[in-house]
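Notebook open, model loaded. I'll jot down what I look up as I go.

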Amino acid sequence: MNLITISGPPSSGKTSVILKTIAALHQRGLTVGVVKFDCLYTDDDVLYKKAGIPVKKGLSGSLCPDHYFVSNIEEVVQWGRKQELDVLITESAGLCNRCSPYIKDIKSVCVIDNLSGINTPKKIGPMLKSADIVVITKGDIVSQAEREVFASKVHSVNPKAIIMHINGLTGQGAFELSTLLYDEKEDVETVKGKELRFSMPSALCSYCLGERRIGEDYQMGNVRKMKLGEEDD
Amino acid sequence: MISIKDIEKMKINEIKNKYPFSISFFQNNNLHLEGYEEITFEQYFNHFTEEEIEEWAIDVEKLKADFIVYINEMLEFLGISEDDNIDSLTIVAGKNKNGEKENFEKLTIHKSEIVSIVGPTGSGKSRLLADIEWAANKDTPTERIILINGKIPDKKWRFSSSNKLVAQLSQNMNFVMDLTVREFIELHAKSRMVEDEQEIIKRIIDAANHLAGEQFDLDTPITSLSGGQSRALMIADTAILSRSPIVLIDEIENAGIDRKKALKLLVNEEKIVLMATHDPILALMADKRIVIKNGGIDKVIETNSEEKEMLIELEKMDAVISKLRANLRKGEILKK
């Protein structure tokens, strides 16, 4: 089984890109399943089901979505193997724009859109910078010049990635992406023992544990204060 | 090829001077250079504390490796010019949705030539455009082959972000950036690393005003341009500043720009122009047209002399309508 991790900010068009790409994989007779990770709500699973794609969803609720991902990925892989999938795609939103649960040696794709603003590539951390493939969507809405500028910004923060433009509505570009995703020789049996490409943020202050009151008396653990001096520094 | 050995002992300042474009790599990665100009590349990347590395999600090894890739790609990009000229694009027949061979053998389009594409929605226009963009080599559902200068093109056209085979002028031409016309062109020129920025800016604004019905200047915010002005600016920008040798146009309708001049501009800049349209004037302006049916190319029609004569008639009709439109805009009463 091939394992692919796809992430990107909310509403960047991940699901559309995945659906169109799976259609191309289906044409080659491959079976594909999806596991959708989200925080509070998603109904994307309905879209996948409608397209006849085996799907599972996981909502992280009060937990950090990426911690939730890592704690579940091995079981997810075993689910995919049981379904006898050729390709298992995991989809997750990089909610704080920093992390992405990309795993070393597992193909990773970041989806971002042209509408998100010219400085977005600068704002997104390892989710964009350590992806193998960066898919840029919504190119039909902006000008050719803006597409070129945006792609060049992405290129400067992740020069090694393959950068592709995909139209999530017409599917233009999705076939091309599908050719990069499936490798006959690859067979992921387990991700146990594999490593994340980048560490998750450190946490554990009293608020992680459910504290709601404000003020120094209630702050414990990993607490850091802003510098708010008299002078502008 | 530059390797890490070549630059690790160089001072940051020396790197900035030798590779001016490397500044954008540092900027976009939020790497601040102020105060570090006199230390070496190696020292710079070693100066981050454990805390900073965790705090700012810095991956030193990856950044170093990325920097080398970036520098090499940019140098290659800057070196690409004359020897990489594209004179022709050839489409070699594949098959349609039913698996039948397409109704032509091969079609070659030369620089400064215009070919229009007609066919109902869903007939396979997008697929054809995608095949060209991908430089298909029997590896897409249509099994078409795309040749550049008569040869199978280098794979670099597929994956290079700065070096795309195709620029696309789509139907929706909105700007989402909050910039003036000057800032917009400057930003684009920087990403293309052109040297004579000011001259390029002037050429683009002149060309755009030549196409647009109403004039605008460099200090106009792009978001306040009218539909026609936006289109004019985008066509001028693509013609002059885009490196892509092939331009795909998706239906430029008659919204306040001179379409004939627009096509002429693209052709003068030695582009290969492919245009999806059902407007008879635009379709007949092309030298040939591709008819798409059922996912495949059904016919390639050469614009004949009768059609060229019709074009003259159509243009007269179009001029009448344009004039009426202009009069309406001025608030005049229309006369027979």
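Which backbone nitrogen lies 2.8 Å from a polar atom of the side chain of A:N167? I looked, and the nitrogen belongs to A:L169. I score this as a polar contact, meaning a pair of N or O atoms within 3.5 Å; within protein, one must be able to donate a hydrogen and the other to accept it, and residues adjacent in sequence count only if both atoms are side-chain atoms.

Ground rules before I go on. This is a predicted model, so local features need pLDDT of at least 70 and side-chain atom pairs count only at pLDDT 80 or more, while totals for chains, interfaces and linings use all residues. Residues are numbered from 1 along each chain as its sequence is written, chains are lettered from A and ligands numbered from 1 in the order in which they are written, and side-chain values use heavy atoms, with hydrogens and water left out.

**Entry: A:N167**

I find A:N167 in the loop between strand 7 and helix 7 of chain A. Helices (H or I, at least four residues) and strands (E, at least two) are DSSP runs, numbered from the N terminus. A:N167 counts as buried at 15% relative accessibility; my cut-offs are under 20% relative accessible area for buried, over 50% for exposed, and partly exposed in between (1.4 Å probe, protein chains only). Leaving aside neighbours within four places in sequence, I get A:D140 and A:Q172 in contact with A:N167, where contact means heavy atoms within 4.5 Å.

**Entry: the A/B interface**

I counted 41 residues of chain A in contact with 50 residues of chain B. The size of an interface is often given as the accessible area lost when the parts come together. Here the area buried between chain A and chain B is about 3,900 Å², with carbon and sulfur atoms giving 54%. Buried area is the accessible area (1.4 Å probe) that two parts lose on being put together, summed over both.

I also get 13 residue pairs in polar contact between chain A and chain B, both at pLDDT 80 or more. On the side of chain A that touches chain B, helix 5 (126-129), helix 6 (144-157), strand 7 (162-165) and helix 7 (174-181) each supply at least two residues. Helix 6 gives the most, with 12 residues. By class I see 16 nonpolar, 14 polar and 11 charged residues on that side. For the classes, Ala, Val, Leu, Ile, Met, Phe, Trp, Tyr, Cys and Pro count as nonpolar, Asp, Glu, Lys and Arg as charged, and the others, Gly among them, as polar.

**Entry: A:T179**

A:T179 sits in helix 7 of chain A and is partly exposed at 29% relative accessibility. Neighbours within four places in sequence aside, A:T179 is in contact with A:R28, B:W134 and B:D139. A polar atom of the A:T179 side chain lies 2.5 Å from the backbone oxygen of A:E176.

**Entry: salt bridges**

A salt bridge is a side-chain nitrogen of Lys or Arg within 4 Å of a carboxyl oxygen of Asp or Glu.

How far apart are the closest N and O atoms of B:R192 and A:E148? I get 3.4 Å. A:E148 lies in helix 6 of chain A and B:R192 in the loop between helix 9 (181-191) and helix 10 (197-211) of chain B, so the pair joins two chains. Both A:E148 and B:R192 are buried.

Within chain B, B:E315 and B:K260 form a salt bridge at 3.3 Å. B:E315 is in helix 14 (residues 305-330) and B:K260 in helix 12 (residues 259-268), so the pair ties together parts 55 residues apart in sequence. B:E315 is partly exposed at 23%, and B:K260 is partly exposed at 46%.

Within chain A, A:K57 and A:D45 meet at 3.6 Å, N to O. A:K57 is partly exposed at 42%, whereas A:D45 is buried at 9%.

I also noted a network of salt bridges linking A:E176, B:E102, B:R127, B:D131 and B:R144.

**Entry: cysteines**

I count 0 disulfides over all chains, a disulfide being a pair of cysteine sulfur atoms within 2.5 Å. The sulfur of A:C39 is 8.8 Å from the closest cysteine sulfur, in A:C64, which is too far for a bond. A:C39 is buried at 18%, and A:C110 is buried at 0%.
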